[in-house]
Amino acid sequence: MSSIAQSIFTMPALPEVGHNDFERAARILRARAGIVLGGHKQEMAERTLAMRAKSLGMANVKEYLDHLELNSQSPQWEAFINAFTINHTAFFREQHHFAILAKFAKTRKKPFSLWCCASSTGEEPYSIAMTLRESCPAPDSGVSILATDIDTHAVQKAQEGVYTMERASPIPEDYLRKYFQRGTGRRTGMVRVKPVLRDMIDFDTLNLLSPNWPITQKLDVIFCRNTMIYFDKATQTRILERFAAILKPGGLLFAGHSENFTYLTKSFRLQGQTVYVTT
Ligand SMILES: C[S@@+](CC[C@H](N)C(=O)[O-])C[C@H]1O[C@@H](n2cnc3c(N)ncnc32)[C@H](O)[C@@H]1O
């Protein structure tokens with residue numbers, strides 16, 4: 001027998017997946033993180049669950065899900081949630097928002113506070129920071145940016161601020177020169193955010209479903225783009241009301257291109273191009 005054939009025959013099987021494990025995992029994920037897992041993700045999800053169970057030496061996925069449900073403080077929750085988040089993002093995604101933000105920031109009294117509440121791997125908060133550095137006369141004093149995400153790996157990557165040149169390609173050339181360092185040697189083809197930009201942002205892990213948000217002062221702007229689409233309407237409405245309560249009068253909420261909150265709340269009205277203002 002060839003060595004490849006041998007390794008196939010000796011490969012340990014993945015832990016068993018029961019017929020209702022997917023529905024159970026989807027229910028657990030929705031309750032904990034708000035994320036709705038569609039039926040079309042079943043195959044991928046079952047494989048992910050089996051891999052998680054295997055990495056913990058468990059015989060089947062049921063044992064893994066039992067562990068999560070019986071241990072609400074288990075460190076395994078982190079990897080479970082990280083496995084099901086979708087981190088798709090880009091620098092200056094939905095570019096028109098940044099022109100609106102620049103104009104708006106100029107009209108506001110300092111201190112100016114912004115929360116980017118699903119900041120993924122950092123491209124969005126760094127785009128915000130560049131925009132505010134360029135549009136506010138003294139960005140080092142009086143501008144604060146909080147960037148949070150439920151996904152601990154994404155937050156870690158955001159804090160590192162290292163990207164491939166390809167990912168950095170939407171950044172205007174003059175911003176790239178000003179705010180990024182080009183890698184050399186092993187880091188050729190990569191860029192790293194300079195401290196002047198990095199230090200404008202406080203990064204943290206935060207679940208939007210958590211009853212306690214670490215917001216101590218009222219905000220001028222919330223960026224919550226391309227995240228509510230993963231939540232059901234009731235969760236979206238609850239979060240929108242909480243957003244409205246922590247925004248200053250006239251504060252803005254930036255939503256994703258396919259998100260429409262007009263029918264969910266009277267606390268915001270659409271100002272244009274998926275930007276909402278408090279009523
Ligand atoms: C598709 S990305 C969007 C990133 C960025 N806002 C953008 O528009 O480019 C969605 C992000 O929402 C985060 N997320 C999902 N559920 C969350 C929750 N309950 N609390 C906080 N962040 C969450 C995911 O980890 C992911 O990074």
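Which residues does Y179 touch, not counting residues up to four places away in sequence? The contacts of Y179 are M130, V193, K194, V196 and L197. Two residues are in contact if their C-beta atoms, placed from the backbone, lie within 7 Å. The model is predicted: local features need pLDDT of at least 70, side-chain atom pairs count only at pLDDT 80 or more, and totals for chains, interfaces and linings use all residues. Residue numbers start from 1 along each chain as its sequence is written.

Y179 belongs to helix α9 (residues 173–179). Helices (H or I, at least four residues) and strands (E, at least two) are DSSP runs, numbered from the N terminus. Y179 counts as buried because it has 21 C-beta neighbours inside 10 Å. A residue is buried if 20 or more other C-beta atoms lie within 10 Å of its own, exposed if 12 or fewer, and partly exposed in between, with C-beta atoms placed from the backbone. V191 lies 12 residues from Y179 along the chain, and their C-alpha atoms are separated by 9.7 Å.

The chain as a whole has 11 helices and 10 strands. Its C-alpha atoms fill a box of roughly 70 × 50 × 30 Å, taken along the principal axes. Of the 279 residues, 33% are buried. Among contacts between residues at least 6 apart in sequence, 71% join residues at least 24 apart.

The chain is divided into domain 1 (3–84) and domain 2 (96–278). These bounds come from an automatic or database domain assignment. The domain centres, taken over C-alpha atoms, are separated by 32 Å. The contact takes 7 residues from domain 1 and 11 residues from domain 2. On the domain 1 side, helix α5 (residues 76–84) gives the largest share, with 3 residues. The residues of that side divide into 4 nonpolar, 2 polar and 1 charged. Here Ala, Val, Leu, Ile, Met, Phe, Trp, Tyr, Cys and Pro count as nonpolar, Asp, Glu, Lys and Arg as charged, and the others, Gly among them, as polar.

In the first, 3 strands form an open sheet in the order β3-β5-β4, with antiparallel pairing. β3 (162–164) and β4 (180–182) stand at the edges, each with a single partner strand, so one side of each is left without a neighbour in the sheet. The twist averages 30° from one strand to the next. Two strands pair if DSSP finds at least two bridges between them. β4 and strand β5 (residues 190–193) are joined in the antiparallel sense by 3 bridges. F180 stands opposite V193 in β5.

The other open sheet has 7 strands in the order β6-β2-β1-β7-β8-β10-β9, and its pairing is mixed. β6 (201–205) and β9 (268–272) are the edge strands, each with a single partner, so one side of each is left without a neighbour in the sheet. Neighbouring strands are turned by 20° against each other on average, direction ignored. Helix α7 (residues 123–135) packs on the sheet and touches β1, β2, β6 and β7; its direction makes about 170° with that of β2. Helix α11 (residues 233–246) also packs on the sheet, touching β7, β8, β9 and β10 (275–278), and its direction makes about 140° with that of β8. For these angles, axes are lines fitted to C-alpha atoms, for helices over the stretch in contact, and angles run from 0 to 180 degrees between N-to-C directions.

Within this sheet, 5 of the 5 residues of β1 are buried, so β1 is largely enclosed by the rest of the structure. In a regular strand the side chains alternate between the two faces of the sheet. F112, L114 and C116 point one way from β1, S113 and W115 point the other way, and all are buried. Strand β1 (residues 112–116) pairs with β7 in the parallel sense over 3 bridges. L114 stands opposite V221 in β7. Strand β7 (residues 219–224) is mostly covered, with 5 of its 6 residues buried.
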